[in-house]
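Subject: Structure handover

Hi,

Here is the structure I promised to pass on. Please load it first, then read my notes below.

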Amino acid sequence: MITEPRGRKLSKEEFAQVPHVTAQPRARYAWSAGPAMSRFLEELKRGKIIARRCNRCGRVLVPPRMFCERCFRPTDEWVYLPGTGVVETFSVSYIDTNANRIEEPILVGVIALDGACEHCGLMHYFGEVSPERIHIGMPVEPVWKPESEREGAITDIKYFRPRREEDRQ
Ligand SMILES: [Zn+2]
């Protein structure tokens, strides 16, 4: 059952009456993503998904981490994943990222990537699939942005779509 969220969006005029301050803070900062996440983001720019394997427990961590919290030791090697996977869980959202109500729902969820350890899911959007058709266990593959538009971010993958053509819409 879909229940209507309470409240409503403020109009531009209403929003202008809300007390607020306009300022342009000069908050300049630099932030290091660390060796594991930096490599992960660089590889995304190249259209690849990379993970780290721990040779003691055998888990393949994605997003990669330099340390295995289960074995309490550094992870051992880089491994590329094929990018394919299955839908581990999903949500049909009628609210966008700015909490605006939307007619066409956004499909988001967790992808269990092939070759990655259990419950090492990657959260992302789903596309080319209807809310009626998507289901847990559905085989999916990434749809990448064109290389010139990639910037080393998880959004370099536009979304995951069904692997089987007959499931696409
Ligand atoms: Zn381990």
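The donors of the zinc ion are spaced along the chain as C-x2-C-x10-C-x2-C. Keep in mind that this is a predicted model.

**Zinc site**

Four cysteines coordinate the zinc ion through SG: Cys-54, Cys-57, Cys-68 and Cys-71. The distances run from 2.3 to 2.4 Å. What is the arrangement of the four donor atoms around the zinc ion? It is tetrahedral, because the angles they subtend are 105 to 115° and the class asks for all angles between 85 and 135 degrees. Cys-68 and Cys-71 are both buried.

**Cis peptide**

Check the bond from Val-62 to Pro-63. That peptide bond is cis, and its omega is near -10°. Pro-63 sits in the loop between strand 2 (60–61) and strand 3 (67–68).

**Positive phi**

Two residues other than glycine are worth a look here, Ala-99 and Glu-128.

- Ala-99 has a positive phi, near 70°. The loop between strand 6 (85–95) and strand 7 (101–113) holds Ala-99. Is Ala-99 buried or exposed? Ala-99 counts as exposed because its relative accessibility is 58%, and the cut-off for exposed is over 50%.
- Glu-128 also has a positive phi, near 60°. Glu-128 is in the loop between strand 8 (122–126) and strand 9 (139–144). With 26% relative accessibility, Glu-128 counts as partly exposed.

Best wishes

Definitions and conventions: Residues numbered from 1 in each chain as written. Predicted model: local features only at pLDDT ≥ 70, side-chain atom pairs only at ≥ 80, totals over all residues. Heavy atoms only, no water. Donors = N, O, S within 2.8 Å, 3.2 Å for Na, K, Ca; no water. Tetrahedral: all angles 85-135°; square planar, octahedral: opposite > 155°, others 65-115°. Buried < 20%, exposed > 50% of the residue type's maximum accessible area, 1.4 Å probe, protein only. Helix = DSSP H or I, 4+ residues; strand = E, 2+ residues; numbered from the N terminus.
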